[in-house]
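Please keep the sequence and the coordinates at hand while reading.

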Amino acid sequence: MNLLFCINGGYTGPLLDCLDSIVLHGGEEHYDVYLLSSDLAEETQQQLCRQVPAAVALHFISVPRELFEGFPETGRYPQEIYYRLAAPLLLPPELDRILYLDADIVVINPLGPLYRSDFKGNLFMACTHTQELLTRANSHRLGLEEPVPYINTGVILMELSGLRQTIDLAAVRQYALEHFDALLLPDQDILTALYGSRVKLLDTQRYNLSDRILAFYNANPLHPRHSLEWVRQNTVIIHYCGRNKPWKPGYVGILDVFYRELKEQQTRLHPEENR
C-alpha cells in the first residue's frame with residue numbers, strides 16, 4: 001500500500017503516531033510511505049527510519065521551495081499544504097495510486113477496502129465536511145459556475161496516472177493569485193475549484209471523522225445515532241483536524257479515546273522506547 005504525507009520538521013511526532021496506528025489497524029503487511037518535505041534534515045530522516053515499525057518503508061522526496069513561489073501561505077497554512085497538489089508530478093512514475101493522509105490522523109480499522117476502491121473515472125476520492133448550503137456558498141466564493149462538493153483535503157486517494165496528465169501547477173498558481181482575497185483554506189479551496197468535479201465522494205463518517213462532524217451528524221434527529229461503539233466498528237479514519245487535538249491542552253470531544261488507546265498500544269509496539 002502506498003501512503004503519502006506532506007510534513008515539515010516540526011510535525012514528526014504526529015506522523016509517527018499516525019504510522020503506528022496504521023501498522024496496528026490498517027490491515028496490510030507492508031506500507032511504502034512517501035514523505036514530501038523541504039526541510040527534513042538528514043539527521044531527522046535517519047531518526048524517523050529508526051523509529052518507524054518494520055512494516056513501514058520510508059521514501060523521502062525533497063520538494064524545491066521555488067516550485068511554489070508566489071502561492072499564498074500563512075503561519076497556520078504553510079507552503080507544505082500545496083505539496084499534495086503537486087504530488088503526482090513528484091512521485092515515482094510507476095505508482096498508479098496513493099493514499100494521502102494528514103499526520104493528525106489515527107487509523108482504527110483496515111484501509112484496504114478504501115485503498116482498492118474503483119475510481120469510476122474520477123481523479124480523487126475524498127470527503128466533504130460541508131452541507132448543501134455551505135457547498136453553494138463556497139462555490140460562489142470560489143467563482144464556480146456550478147456548485148461542487150467542498151473537499152476536505154485531509155484524506156485523499158489519488159489516481160496518479162490520470163493526475164499526471166491533468167495537474168498543471170501554472171494553472172494552480174494562477175488561480176491562487178487571481179482569487180487570493182477569497183481563499184480561506186487555500187489547498188482545499190484550490191482543489192475544490194479546479195478538480196472538485198473529478199472527485200468521488202467518500203462517506204465522511206467512515207473515512208474522515210472529526211468530533212465536529214460526529215456531533216453535527218448526531219444532532220440531526222433524522223439520523224440514527226452514531227455512538228462510540230458504532231465508530232469503533234465502522235469508522236476507519238479519525239481526523240483531529242483544526243486546532244482541536246488531543247495532544248494539546250483544551251481538547252473538546254469524545255474521539256480522543258482512540259488517541260489515548262493508541263498511546264497505550266505504542267508501549268507494546270515499541271517497548272524499548274518512551275514516546
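Contact here means heavy atoms within 4.5 Å. The model is predicted.

## Helix 7 and helix 8

Two packed helices are described by the angle between their axes and the distance between the axes. For helix 7 and helix 8, the angle is about 115 degrees and the axes are 10 Å apart. The crossing of helix 7 past helix 8 is right-handed.

## The buried face of helix 7

Helix 7 spans residues 169–178, and its buried residues are Leu 169, Val 172, Tyr 175 and Ala 176. Viewed down the axis of helix 7, these buried residues fall within an arc of 125 degrees, so they line one face of the helix. In an α-helix there are 3.6 residues a turn, so residues three or four places apart point the same way. The cover over the buried residues of helix 7 includes helix 3 (83–90) and helix 8 (186–195).

At the N-terminal end, helix 7 is capped by Asp 168. A side-chain oxygen of Asp 168 lies 3.0 Å from the backbone nitrogen of Ala 170.

Of its 8 residues, 6 are buried, so helix 3 is largely enclosed by the rest of the structure. The buried residues are Tyr 83, Arg 84, Leu 85, Ala 86, Ala 87 and Pro 88.

Gly 75 sits in the loop between strand 3 (56–62) and helix 3. Its relative accessibility is 82%, so Gly 75 counts as exposed. Gly 75 and Gln 51 are 24 residues apart in sequence, and their C-alpha atoms are 28 Å apart in space.

## Thr 153 in strand 7

Strand 7 covers residues 151–159 and contains Thr 153. With 2% relative accessibility, Thr 153 counts as buried. Beyond its neighbours within four places in sequence, Thr 153 is in contact with Arg 84, Tyr 100, Asp 102, Asp 187, Gln 188 and Leu 191. One of these, Arg 84, is among the buried residues of helix 3.

Tyr 115 lies in helix 4. Its relative accessible area is 9%, and Tyr 115 is therefore buried. Not counting residues up to four places away in sequence, Tyr 115 touches Met 1, Asn 2, Arg 97, Ile 98, Leu 99 and Leu 157. For Asn 2, the backbone nitrogen lies 3.1 Å from a polar atom of the Tyr 115 side chain. The C-alpha atoms of Tyr 115 and Pro 88, 27 residues apart along the chain, are separated by 17 Å.

Lys 120 is in the loop between helix 4 (112–115) and strand 6 (124–128). At 62% relative accessibility, Lys 120 counts as exposed. The phi angle of Lys 120 is near 55 degrees, which is a positive value in a residue other than glycine.

## Val 107 in strand 5

Strand 5 (residues 105–107) includes Val 107. Val 107 has a relative accessible area of 0% and is buried. Leaving aside neighbours within four places in sequence, the contacts of Val 107 are Ser 21, Ile 22, His 25, Gly 26, Val 236 and Ile 237. Val 107 and Val 236 are 129 residues apart in sequence, with 5.7 Å between their C-alpha atoms.

Thr 12 is placed in helix 1, which runs over residues 12–25. Its relative accessibility of 18% makes Thr 12 count as buried, the cut-off being under 20%. Excluding residues up to four places away in sequence, Thr 12 touches Ile 7, Leu 40, Thr 44 and Leu 48.

Ser 139 is found in helix 5 (residues 132–141). At 3% relative accessibility, Ser 139 counts as buried. With residues up to four places away in sequence not counted, Ser 139 touches Leu 144, Glu 146, Pro 147 and Val 148.

Key. Residues are numbered from 1 along each chain as its sequence is written. This is a predicted model: local features need pLDDT of at least 70, side-chain atom pairs count only at pLDDT 80 or more; totals for chains, interfaces and linings use all residues. Side-chain values use heavy atoms; hydrogens and water are left out. Buried means under 20% relative accessible area, exposed over 50%, partly exposed in between (1.4 Å probe, protein chains only). Helices (H or I, at least four residues) and strands (E, at least two) are DSSP runs, numbered from the N terminus. The arc is that of the directions from the helix axis to the C-beta atoms. A polar contact is a pair of N or O atoms within 3.5 Å; within protein, one must be able to donate a hydrogen and the other to accept it, and residues adjacent in sequence count only if both atoms are side-chain atoms. Axes are lines fitted to C-alpha atoms, for helices over the stretch in contact, and angles run from 0 to 180 degrees between N-to-C directions. A crossing is left-handed if the near helix is turned anticlockwise from the far one by less than a right angle, and right-handed if clockwise.
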